[in-house]
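I opened the notebook to record what I looked up about helix packing and ring pairs, beginning with the model itself.

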Amino acid sequence: MAISFVSTDKAPAAIGPYSQAAKVGPFLFASGQIPLRADGTLVEGDILAQTHQVFSNIQAVLAEAGGSLSNVVKATVFIKDMNDFAQLNEVYGQYFGDHKPARSTVEVARLPRDVKVEIEIVAYIEA
């Protein structure tokens, strides 16, 4: 089975030796997205603002691969402070609505660029 790599200029470029996403058959494995704008500048502010930017990036990567949030089957959320969980959940729910992919949420000591949130997803996108 062939692996293809997904890249879009509508989301920030990878800041290391990895790709924005890899597609294997119908599965898309997207790298964690942090609240960087497509031009690489950081969204400062609270967990709400940062989570909205993360979802903007996820949607851009999904669109480039021919999918949308409705294709997401698993999300992994890394959060700097579990005290922000309720606010993060509020924004998360706005994007997924009734679609409820499996999810893990983990509080971590530190994230790249000292952001408050990072989210990675797995999606099923049929050709």
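The entries below go from the model to the helices and then to the rings.

I noted that this is a predicted model, in which local features need pLDDT of at least 70, side-chain atom pairs count only at pLDDT 80 or more, and totals for chains, interfaces and linings use all residues. Residues are numbered from 1 along each chain as its sequence is written, and side-chain values use heavy atoms, with hydrogens and water left out.

I looked up the helices, which are DSSP runs of H or I with at least four residues, numbered from the N terminus. The axes of α1 (residues 47–64) and α2 (residues 85–96) come within 9 Å and cross at roughly 30 degrees, with axes fitted to C-alpha atoms over the stretch in contact and angles running from 0 to 180 degrees between N-to-C directions. The two helices are therefore roughly parallel, a label for angles under 35 degrees.

I then checked the contact (heavy atoms within 4.5 Å), where residues including Phe 55 and Gln 59 in α1 meet residues of α2, among them Tyr 92 and Phe 96.

I turned to the rings, which pair if their centres lie within 6.5 Å and count as edge-to-face if their planes are over 60 degrees apart. The count by this rule is six aromatic pairs. Phe 55 and Tyr 92 form an edge-to-face pair, 5.8 Å centre to centre with 75 degrees between the planes. Phe 55 counts as buried at 1% relative accessibility, where buried means under 20% relative accessible area with a 1.4 Å probe and protein chains only.

Definitions and conventions
Angles under 35 degrees count as roughly parallel, over 145 as roughly antiparallel, 65 to 115 as roughly perpendicular and the rest as oblique. Rings of Phe, Tyr and Trp (its six-membered ring) pair if their centres lie within 6.5 Å; planes under 30 degrees apart count as stacked, over 60 as edge-to-face and the rest as tilted. Buried means under 20% relative accessible area, exposed over 50%, partly exposed in between (1.4 Å probe, protein chains only).
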